[in-house]
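Subject: Handover of a structure and its findings

Dear colleague,

I am handing over the structure below for your study. Please look through it once before reading the notes that follow.

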Amino acid sequence: MSYIEGFVVPVPTANREIYRKMAEDAAVVFKDHGALGLVECWGDDVPEGKLTSFPLAVQRKADETVVFSWITWPSREARDRGMRAAMEDPRLKQQQSMPFDGRRMIFGGFEVIVDA
């Protein structure tokens, strides 16, 4: 089974196109380093919760949209190697600045146990 690196991040709504372009460019880098694919999803129906929710988890502000994304890798080992290489890749390092507050990003690696 494959391995997923998942992300949830609040992005200023005004930065949608900047974020989309950054993600599109980053997808090429990740795929060059072994990723099978990258998916970026712009929040469209992401309700506020009282106890837990995506907006609460990332401390979303009124002018931000929650983005949910993932990178599919062939294995955990491929993710570890590929992510390390991608972070050192000059194409990612040349990015001027991130169009979001990375301190509020949630991320983690997940072993796929069902892929129906």
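Strand β3 is mostly covered, with eight of its ten residues buried. Here "buried" means under 20% relative accessible area, "exposed" means over 50%, and "partly exposed" is in between (1.4 Å probe, protein chains only). Helices (H or I, at least four residues) and strands (E, at least two) are DSSP runs, numbered from the N terminus.

This is a predicted model, in which local features need pLDDT of at least 70 and side-chain atom pairs count only at pLDDT 80 or more, while totals for chains, interfaces and linings use all residues. Residues are numbered from 1 along each chain as its sequence is written, and side-chain values use heavy atoms, with hydrogens and water left out.

The strands

Two strands pair if DSSP finds at least two bridges between them. Strand β3 runs antiparallel to β1, and ten bridges join them. Within this pairing, F7 has S69 of β3 as its bridge partner, and V9 has V67 of β3. Strand β3 also runs antiparallel to β2, with six bridges between them; here W42 stands opposite V67. Strand β1 pairs with β4 as well, in the antiparallel sense and over six bridges, and Y3 has E111 of β4 as its bridge partner.

The nonpolar cores

Which residues make up the largest nonpolar core? A nonpolar core is a set of buried Ala, Val, Leu, Ile, Met, Phe, Trp, Tyr and Cys residues joined through side-chain atoms within 4.5 Å. The largest one has eleven residues in all: Y3, F7, A26, V29, F30, A35, I71, W73, M83, A86 and L92. The elements that give two or more residues to this core are β1 (3-12), α1 (16-32), β3 and α3. Helix α1 provides the largest share, three residues. Another core, of seven residues, lies apart from it and includes V11, Y19, M22 and V67. In soluble globular proteins, nonpolar side chains tend to be buried together.

Not counting residues up to four places away in sequence, M83 touches E5, F7, F30, I71, W73 and A78, where contact means heavy atoms within 4.5 Å.

Helix α3

The expected span of a helix is 1.5 Å times one less than its number of residues. For the 13 residues of α3 this gives 18 Å, and the end C-alpha atoms are 18 Å apart, which agrees. The buried residues of α3 are A78, R79, G82, M83 and A86. They are on the same side of α3, because they cover an arc of only 115° around the axis; the arc is that of the directions from the helix axis to the C-beta atoms. On the other side of α3, R81, R84 and E88 are exposed. What covers the buried residues of α3 includes β1, α1, β3, α4 (90-93) and β4 (106-111). An α-helix has 3.6 residues a turn, so residues three or four places apart point the same way.

The salt bridges

How many salt bridges are there? A salt bridge is a side-chain nitrogen of Lys or Arg within 4 Å of a carboxyl oxygen of Asp or Glu, and by this rule the count comes to twelve.

D80 is partly exposed at 26% relative accessibility, and R76 is partly exposed at 43%.

The side chains of D89 and R91 also meet in a salt bridge, at 2.8 Å from N to O. D89 counts as buried, at 8% relative accessibility, whereas R91 is partly exposed, at 33%. Elsewhere, salt bridges that share partners join E5, R76, R79 and D80 into one network.

Yours sincerely
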